[in-house]
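Please open the structure and keep it beside this note.

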Amino acid sequence: MTGRPILEIKNLVKQFHDEMAAEQGNILDGVDFTMYSGEFVCILGPSGCGKSTFLRCIGGFESYEGTILVNGQKVERPGTDRIMVFQEFGQLLPWKSVEKNVQYPLKVRGLRDKAKLQEISDTYLEKVDMLAYKKFYPHQLSGGMKQRTAIARALALSPEIVLMDEPFASLDAMSRNNLQSELYKIHQRENVSVIFITHNIQEAICLGTRILVMSKDGKIKMDIRNPLVKPVTPASPNYGEMWDKLHSALYEMTEE
Amino acid sequence: MRRKLLHQGLFVVFVLLIWQIVYKWKLFPTLMFPSLADIGQAFFDGFVKEELGQMVMYSLSLLLRGFIIGMSLAFLLSGLSIMNKVFGDIYSMLVSMCDLIPGVALIPLAILWMGIGEETIILIVVHSIIWPMSRSIMDGFSSVPKLYKEVGRNIGLNQFSILLGIYFPAAFAHVLSGIKVGWARAWRGLISAEMIFGTTSSGAGIGWFIFMKRTNVDIAGVFAALLVIVAIGIVVEYVVFRFVEKHTIRKWGIGK
């Protein structure tokens, strides 16, 4: 399953910049992490543990100390090799239709051929089941549809890593389950590499091939492979064991 | 929509009715308060016997030239102030200062420096537009959600293309309201300049028509000219601006 290393992080430190904050300290405190192509890494952690900051550092949106290398290249700014999918539904550009939202980044990258653009946007909208809505504008879509489109936009760029910051956290339980199983299928088929932030243990077990737990002091506390056979349901063998393990890792720290 | 038009139409009829009643009762001298028929006659005569039509065209040509120059400058300078912080700081101060100066107050200086040609009137029009419009555009730019900017950076937009690709459409509701304010201000600037200048070397406009009518105590004529200004304004508001709104912010579901 594991391929070549695509992301190497060494001693990543991110400090507080807020002068008003009473306690000074590090949001991320010496994180080491290597990711291999094709992995689906889920990061669990209590709120405020710096998991979003971690993702934003990889995305190139934050300054940091230490090293982040993507395919050996140091991360200094955002780029299309690392595409973010945000939690907010507002991440689509409201002045562009669904298909134009998918095509626009490709145009920016220099693809001018209209037929080719259409072909790519149709292909990826099909994968997320949004092809029927390609002419719609974002304000006409439900939250789940917007997130599907955002995922299509990310995949269409064929990035090295898709960075997902709790993309399903604002969805209702049903849409959330649907999107989880579809995302898992897409991952199987396309072999994309994903880092997925969540605070939902079930989500991490269902999606991740590897699960990290971050602690409040900005360190990786646990880093395990997820041995459960996909598709995972609560009836899967070892589901309970896995859930307990992650649950106690998460809650042990909240009590500290 | 239809209801709204009905209300507005009924109101206009009501005002006209009151007008005619006031006239019939001779509450004011006829000289000061002409009947609707007199105004209608003056309107008709203005276009048929006199050169009101030509004057309107002349005014409109000055207005459009000033409007295009003013709008382009407002876009350019507001855009620059996003791209360069030092320029932005200075420009926003300049806007606050210059927006306070009425166009009419600049006329003595403008005449002294540039004479009484067309350029001077256009300059006054540009002055009336550029500051309020820059203010709206910059307000719009500063209210662009951080999320859109991050999406823009993520898909590889550079400093200049992010201005056209993200800031401008995202702020379009503000841009449009800036254009509306600019349009109204342009008319005011133009008419006041024309009334003070009289005829320029190449022609005379509506302002001059009003001025002449006042000198001849032809109050019906003055009202006829005001009617022309209102009529043009209404057409632009209800036809041009509505059209643009329908195909932009209302289609995109942004703004009001």
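1. **Ground rules.** This is a predicted model: local features need pLDDT of at least 70, side-chain atom pairs count only at pLDDT 80 or more, and totals for chains, interfaces and linings use all residues. Residues are numbered from 1 along each chain as its sequence is written, while chains are lettered from A and ligands numbered from 1 in the order in which they are written.

2. **Chain A, overall.** Chain A has seven helices and 10 strands. Helices (H or I, at least four residues) and strands (E, at least two) are DSSP runs, numbered from the N terminus. Its C-alpha atoms fill a box of roughly 55 × 45 × 40 Å along the principal axes. The radius of gyration of chain A is 18 Å, which agrees with the value near 18 Å for a compact globule of 256 residues. That radius is taken over C-alpha atoms, and the globule rule is 2.2 Å times the number of residues to the power 0.38.

3. **Chain A, burial and contacts.** Of the 256 residues in chain A, 42% are buried. A residue is buried if 20 or more other C-beta atoms lie within 10 Å of its own, exposed if 12 or fewer, and partly exposed in between; the C-beta atoms are placed from the backbone. Among contacts in chain A between residues at least 6 apart in sequence, 70% join residues at least 24 apart. Two residues are in contact if their C-beta atoms, placed from the backbone, lie within 7 Å.

4. **Two domains in chain A.** The domain assignment gives domain 1 (1–81 + 162–256) and domain 2 (88–158). Such bounds come from an automatic or database domain assignment. The C-alpha centres of the two domains of chain A lie 25 Å apart. Where they meet, 13 residues of domain 1 are in contact with 14 residues of domain 2. On the domain 1 side, helix H5 (residues 173–190) of chain A gives the largest share, six residues. That side divides into eight nonpolar, three polar and two charged residues. Here Ala, Val, Leu, Ile, Met, Phe, Trp, Tyr, Cys and Pro count as nonpolar, Asp, Glu, Lys and Arg as charged, and the others, Gly among them, as polar.

5. **Backbone details in chain A.** A cis peptide bond joins Lys230(A) and Pro231(A), with omega about -5 degrees. Pro231(A) sits in the loop between strand E10 (220–225) and helix H7 (239–255) of chain A. Asn71(A) is not a glycine, yet has a positive phi of about 50 degrees. Look for Asn71(A) in the loop between strands E4 (65–70) and E5 (73–74) of chain A. Is Asn71(A) buried or partly exposed? Asn71(A) is partly exposed, because 13 other C-beta atoms lie within 10 Å.

6. **Chain B, overall.** Chain B has 12 helices and zero strands. Its C-alpha atoms fill a box of roughly 70 × 50 × 30 Å along the principal axes. Of the 256 residues of chain B, 35% count as buried.

7. Helix H1 (residues 2–24) of chain B has 23 residues and reaches 33 Å from first C-alpha to last, close to the 33 Å expected at 1.5 Å a residue. The expected span is 1.5 Å times one less than the number of residues. Just after H1(B), Lys26(B) takes a positive phi of about 55 degrees. Val217(B), in the loop between helices H10 (206–215) and H11 (219–247) of chain B, has a positive phi near 45 degrees. Val217(B) counts as exposed, because it has 10 C-beta neighbours inside 10 Å.

8. **Where the chains meet.** In the contact between chains, 16 residues of chain B touch 19 residues of chain A. On the chain B side, H7(B) gives the largest share, six residues. The chain B side divides into nine nonpolar, four polar and three charged residues.

9. **The core.** Which residues have the most contacts inside the largest nonpolar core? They are Leu163(A), Ile195(A) and Val125(B), in a core of 127 residues. A nonpolar core is a set of buried Ala, Val, Leu, Ile, Met, Phe, Trp, Tyr and Cys residues joined through C-beta atoms within 7 Å. Helix H6 (residues 118–142) of chain B gives the most to this core, with 13 residues.
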